[in-house]
Amino acid sequence: MTEPQIYLNGFELTDAQSMAVRVAITRFHQEMGDADALGDDSHDRQMVKAYRERLNEVLIMMSS
């Protein structure tokens, strides 16, 4: 797999750094897979849903 080009504050990450970011985002996305990952009230579930949606968008961009 070719790692995505990621820039932070104008600096391009190395392939190894980009891999670390991709793996961290993937892992967080997996952790948020449980509907009550942040708690069991409606706000917590809304936050989990929002995190998963945004993380999914980023993962799609990273794989393009």
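Mentor: H29 is buried, with a relative accessible area of 14%. (Buried means under 20% relative accessible area, exposed over 50%, and partly exposed in between, with a 1.4 Å probe and protein chains only.) This is a predicted model, where local features need pLDDT of at least 70, side-chain atom pairs count only at pLDDT 80 or more, and totals for chains, interfaces and linings use all residues. Residues are numbered from 1 along each chain as its sequence is written, and side-chain values use heavy atoms, leaving out hydrogens and water.

Start with the place of H29. The residue sits in helix α1, residues 15-31. Leaving aside residues up to four places away in sequence, H29 is in contact with R52, L55, N56 and L59. (Contact means heavy atoms within 4.5 Å.) Take N56 from that list. H29 and N56 are 27 residues apart in sequence, yet their C-alpha atoms are 7.4 Å apart in space.

Next, follow L59. This residue belongs to helix α2. Beyond four places in sequence, L59 touches R22, I25 and T26 as well as H29.

The largest nonpolar core has six residues: I6, L13, I25, L55, L59 and M62. (Such a core is a set of buried Ala, Val, Leu, Ile, Met, Phe, Trp, Tyr and Cys residues joined through side-chain atoms within 4.5 Å.) Helix α2, residues 42-63, gives the most to this core, with three residues. Not counting residues up to four places away, I6 touches F11, E12, L13, S18, V21 and M62.

Now turn to the loops. N9 lies between β1 (7-8) and β2 (11-12). N9 is exposed, with a relative accessible area of 78%. Its phi is near 50°, a positive value in a residue other than glycine. D36 is in another loop, between α1 and α2. At 40% relative accessibility, D36 is partly exposed. D36 and Q46 are ten residues apart in sequence and 9.6 Å apart, C-alpha to C-alpha.

Finally, step back to the whole chain. There are two helices and two strands. Along the sequence they follow the pattern β-β-α-α. Of the 64 residues, 23% count as buried. Look at the contacts with a separation of 6 or more: 33% of them join residues 24 or more positions apart.

Then check the overall dimensions. The C-alpha trace spans about 40 × 25 × 15 Å along its principal axes. The radius of gyration is 14 Å, while a compact globule of 64 residues would have one near 11 Å. (The radius is taken over C-alpha atoms, and the globule rule is 2.2 Å times the number of residues to the power 0.38.)

How values were computed
Helices (H or I, at least four residues) and strands (E, at least two) are DSSP runs, numbered from the N terminus.
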